[in-house]
Amino acid sequence: MTQTTAVHGEKVSLLRVLGPGHVWALGVGIVLVGEYMGWNFAVGKGGALAALIACWVAGLLYTCVAMIDSEVTSTVAAAGGQYAQAKHIVGPLAAFNVGLFLVFAYTMLEAANAITLGYLVQTVGTMAGFEGVHDKPFIVLTIVFLAWLNYRGVYATLTFNLVITAIAFIAIVILFAAVRPWGNEVLKLDGLLNGLPYGWLGVVASIHFGLWYYLGIEGTCQAAEEVRSPPRSLPLGTMTGIITLLIAATMTWYICSGLMPWEYLGQAITPLFDAARLTDSTFLMVLLFVGTMFSTLASANGCINDASRAWFSMGRDHYLPVWFGAVHPKTRTPYRSIVFLVPVAVVFAYFAPLDQVITFSILSGLLGYTYMSFNVIMFRTKWPLGTIKRGYEHPFHPLPAIVLLALCAVTYFAVFLGYGTQLVAMMVFYIIASLWFAFHRYKFVRRGDQFTMAWPRPQGY
Amino acid sequence: MNNFEILEYIAWAISFLLGLWMVVDLIRTNRAYSEEVLLSSREGDIDDALVIDPTHQGGHR
């Protein structure tokens, strides 16, 4: 055996090198593409004002998610994030399902980002006058390049995300300042806002796409085993992340709704880039195009990081074949999981329609949020405050959990209005997967070994 | 063949090379180390002694 790296005690683990900035970059990086595209379909569902209501209702939902996640993850500091939380707090079947929600939500989002990036390059080629340009080479390149980056090491991967996410966010701030939001010279909100064209049902329907402003902020949890100080970095990175997104989302709505009529905005592919084009500034056009590309790259990059950690941790616990639970002795990444998920993402990006891929991702995320509300109530019941050390204690418990559950119920209805068939099909898929786990896979799980937290016996047990 | 087609071929070539690099490294790593070492990671390991060669900081104890 040729061993080229010294391994202390013949043991390898993920590398703990990340700080709060990386956690912020992971969470915001996954999400910020939703500001650049996607959120505006909420405008098509119920008008610009409905999209603003959806923005803030979804903002409330995700603030609850961020607070709950910050408390639980700062305590259960393990790769796998919500999967590891469910394993310790709820039980194996819930953990298996949550793990699948995570892998599918992130892998589908990665595929959607790759499709979008391919589309953007194709559009540039067409605009430059080339004929018969294809998006497929750039879709595959996006996935393979980012997987390679993730394979090479987490520090470089998330530092890259930090830089491109910061540029994408600053681009929105610069555009906001450039349209002079304090006056009516550029923005025409007085003339463009037209109330609620489809009434309050339109508001409910718009919540489906309101999630796009924030979808993926919970991904910060996946870095739990690679941050230098989990109790500090995870709450700090997650809470500053949601604050960043609330600001970016509101600025984005204000810019776009003041520049474009709702009939156009509701079906635009790249609303922020379109807004920049309307300013007639070449600098802003280039900046927002770069922002669009960077936000898409950052999202795909964060998704590869998160999906591979969830898959890796499930393998490590024997919930999946243990082969996936390996760590690369040199790069200290879950290399087998990263490589395995590449063809999965490529197949979906290559063959599946974009809206189906996105809906599968949203619904998987939504199932995860529903679980979180039950999870945190069980966490506080089994281990009340003071019984174990927490890095962060979220306020007003159980109000955030109840609000989160109520908003999830509203969002299910909103999704059902537009994608009822997919909702049912996805539920059937997860039920079949659960049956496979319960009757076949669970016998391989080492039940005692999977509980790694030095916690006291839970109350009532 | 126009410039964009050349760009497309370059994209395919880079994808192929990076993919090949990962697969070759995966196979070489699997052969170079025992499964016991590769699967030795434990959930929530926070023992600083296990942090070897921190790439950028020379250790963070």
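In the predicted model, the largest nonpolar core comprises 180 residues, of which A:A54, A:V65, A:I143, A:A147, A:L175, A:L245 and A:L404 touch the most other members. Helix α6 of chain A, spanning residues 92-127, supplies the largest share of this core, with 20 residues. Beyond its neighbours up to four places away in sequence, A:V65 touches A:I217, A:E218, A:Y369, A:M372 and A:L404. A:L404 is itself listed with A:V65 among the core residues that touch the most other members.

Helix α4 of chain A covers residues 48-75. Its 28 residues reach 40 Å from the first C-alpha to the last, close to the 40 Å expected at 1.5 Å a residue. The helix is mostly covered, as 24 of its 28 residues are buried.

The packing of helices may be considered next. Two packed helices are described by the angle between their axes and the distance between the axes. For α4(A) and helix α10 of chain A (residues 199-210), the axes come within 8 Å and cross at roughly 55 degrees; the two helices are therefore oblique to each other. The crossing of α4(A) past α10(A) is right-handed. On the α4(A) side, the contacts are made by A:A50, A:A51, A:I53, A:A54, A:C55, A:V57 and A:A58. These residues meet A:G202, A:V203, A:S206, A:I207, A:F209 and A:G210 of α10(A). A:A54, one of the contacting residues of α4(A), is also named among the core residues that touch the most other members.

A second pair is formed by helix α5 of chain A (residues 82-89) and α16(A), which pack at an angle of about 45 degrees with their axes 10 Å apart. This pair is therefore also described as oblique. Here α5(A) passes α16(A) in a left-handed crossing, whereas the crossing of α4(A) past α10(A) is right-handed. From α5(A), the residues A:Q82, A:Q85, A:A86 and A:I89 take part. Their partners in α16(A) are A:G368, A:Y371, A:M372, A:N375, A:M378, A:F379 and A:K382. Among these, A:M372 is also touched by A:V65.

Several backbone features occur in loops of chain A. Most residues other than glycine have a negative phi, and most peptide bonds are trans. In the loop between α16 (354-382) and α17 (399-441), where A:P398 is placed, a cis peptide bond joins A:H397 and A:P398, with omega about 10 degrees. A:F396 lies in the loop between α16 and α17 as well, and its phi is positive, near 60 degrees. This residue is exposed, with 11 other C-beta atoms within 10 Å. A positive phi, near 65 degrees, is also found at A:D280, which lies in the loop between α13 (271-278) and α14 (282-316). A:D280 is likewise exposed, with 8 other C-beta atoms within 10 Å.

In the segment after α17 of chain A, A:M453 is partly exposed, having 16 other C-beta atoms within 10 Å. Apart from residues up to four places away in sequence, A:M453 touches A:V76 and A:H88. The C-alpha atoms of A:M453 and A:G420 are separated by 40 Å, the two residues being 33 residues apart along the chain.

Chain B has 61 residues, of which 23% are buried. Two helices and zero strands are present in chain B.

Methods. Residues are numbered from 1 along each chain as its sequence is written. Chains are lettered from A and ligands numbered from 1 in the order in which they are written. This is a predicted model: local features need pLDDT of at least 70, side-chain atom pairs count only at pLDDT 80 or more; totals for chains, interfaces and linings use all residues. Helices (H or I, at least four residues) and strands (E, at least two) are DSSP runs, numbered from the N terminus. A residue is buried if 20 or more other C-beta atoms lie within 10 Å of its own, exposed if 12 or fewer, and partly exposed in between; C-beta atoms are placed from the backbone. A nonpolar core is a set of buried Ala, Val, Leu, Ile, Met, Phe, Trp, Tyr and Cys residues joined through C-beta atoms within 7 Å. Two residues are in contact if their C-beta atoms, placed from the backbone, lie within 7 Å. The expected span of a helix is 1.5 Å times one less than its number of residues. Axes are lines fitted to C-alpha atoms, for helices over the stretch in contact, and angles run from 0 to 180 degrees between N-to-C directions. Angles under 35 degrees count as roughly parallel, over 145 as roughly antiparallel, 65 to 115 as roughly perpendicular and the rest as oblique. A crossing is left-handed if the near helix is turned anticlockwise from the far one by less than a right angle, and right-handed if clockwise.
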